[in-house]
Amino acid sequence: MSSVHPEIEFMNEQLTSEMEQVVVKWETDVFMVTPTTNHKDSERDEELQQNKDENHDTTKQNRLIETQDKSSYSCSICDETFTENSLLAKHLKIHTDEGLFSCKICGKTSSRKCHLDVHMRTHTGEKPFLCNLCGKGFSQKGHLTIHTRTHTGERPFSCKICEKGFIEKDFLTEHMKIHTGDRPFPCKICGKSFSRKSSLTVHVRTHVAEKPFSCEICGKGFCAKAFLNLHMRVHTGDRPFSCVICGKTYTQKSHLSVHLRTHTGDRPFSCTLCGKSFQYKLSLTEHMTIHTGERPFLCKVCGKRFREKCHLTVHMRIHTGEKPFSCNVCEKRFCKKCNLILHMRNHASENSVSC
């Protein structure tokens with residue numbers, strides 16, 4: 001038998017029932033509120049995630065724009081482009097006087113001191129880079145590298161069309177224009193076009209009679225530095241190109257190439273009308289005037305015309321009175337060498353007559 005009073009037991013059951021209802025209500029309230037709170041948090045999280053994604057896309061786009069800009073930094077003055085902004089900044093100094101190094105002799109400016117140091121060698125004549133094979137000196141190491149290939153025979157740059165090799169990349173670039181026919185630099189005076197701007201610059205000087213390069217020994221002027229360098233061999237006696245057959249030497253490689261034809265018998269220039277061939281292009285040009293009847297060389301004194309320049313030169317001596325050929329026996333002078341040869345025969349016949 002239970003020891004608990006029935007009334008007390010009833011009260012306990014009622015109290016337990018009420019507590020259970022409170023617990024159920026509390027659980028219901030909690031679970032009803034929690035989803036609402038989670039929904040707001042979810043919306044906030046989604047908004048944050050969306051903003052994050054947008055920021056990520058914007059950053060990605062900005063990086064793309066920045067990357068594109070980095071590959072196309074262009075100068076607003078000369079339109080030259082650079083891969084880095086720092087390179088563009090250095091380039092802009094060329095157009096301004098900011099941060100430039102100036103030559104105290106000629107006033108030429110450079111954005112880098114090392115470039116100015118190389119330029120100064122044009123004034124001092126310093127050539128610190130020497131060839132180990134021939135001893136020739138150069139002001140720049142790159143020039144020595146190219147020169148060394150003339151000894152080794154190395155030609156690292158070859159044409160993909162005709163497979164001709166070159167010791168310098170610039171030579172290959174110019175050679176390619178032979179195949180493409182590209183001559184983008186026309187002369188505004190005579191209309192002749194050139195594949196290189198430097199060639200056009202030299203050509204224009206023939207119209208204006210500009211000769212900025214002069215020989216320090218004889219004062220003769222030239223329109224290109226290369227022509228001055230060739231002329232200097234007249235004073236130095238340097239004849240670096242020698243014939244392997246007869247040993248004869250020349251100041252220019254082209255002269256040696258022409259000379260070799262005397263040994264090989266090569267006559268590469270042929271007349272398209274009569275088939276006659278010549279060793280020299282000038283000889284073919286003069287020969288063609290026989291077919292055309294052209295006489296391009298005009299005497300400005302009397303108006304007489306000649307097919308060949310040498311004929312005009314001899315003719316001009318009639319007007320000037322010049323007689324450059326003299327007899328070493330009687331000192332009589334002649335305007336033509338052939339006349340001197342005929343005259344010398346008279347002395348030879350006189351000496352052959354016995355007393």
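A salt bridge is taken here as a side-chain nitrogen of Lys or Arg within 4 Å of a carboxyl oxygen of Asp or Glu. The structure is a predicted model, in which local features need pLDDT of at least 70 and side-chain atom pairs count only at pLDDT 80 or more, whereas totals for chains, interfaces and linings use all residues. Residues are numbered from 1 along each chain as its sequence is written, and side-chain values use heavy atoms, with hydrogens and water left out.

R121 lies in helix α3, which covers residues 113-124 (helices being DSSP runs of H or I with at least four residues, and strands runs of E with at least two, numbered from the N terminus). R121 is buried but forms no salt bridge, the nearest side chain of opposite charge, that of E126, being 4.1 Å away; buried denotes under 20% relative accessible area, exposed over 50% and partly exposed in between, with a 1.4 Å probe and protein chains only. When residues up to four places away in sequence are not counted, R121 touches E126, P128, F129, S139 and Q140, contact meaning heavy atoms within 4.5 Å.

Together with R121, the residues L116 and H119 make up the buried set of α3, and this set packs against β3 (101-102), β4 (109-110) and β5 (129-130). Just after α3, G125 adopts a positive phi of about 80°.

The structure contains zero disulfides, a disulfide being a pair of cysteine sulfur atoms within 2.5 Å. The sulfur of C134 is 3.7 Å from the closest cysteine sulfur, in C131, and is therefore too far for a bond; the sulfur of C218 is likewise too far for a bond, at 3.7 Å from its closest cysteine sulfur, in C215.

Methods
Lys, Arg positive; Asp, Glu negative; His and termini not counted.
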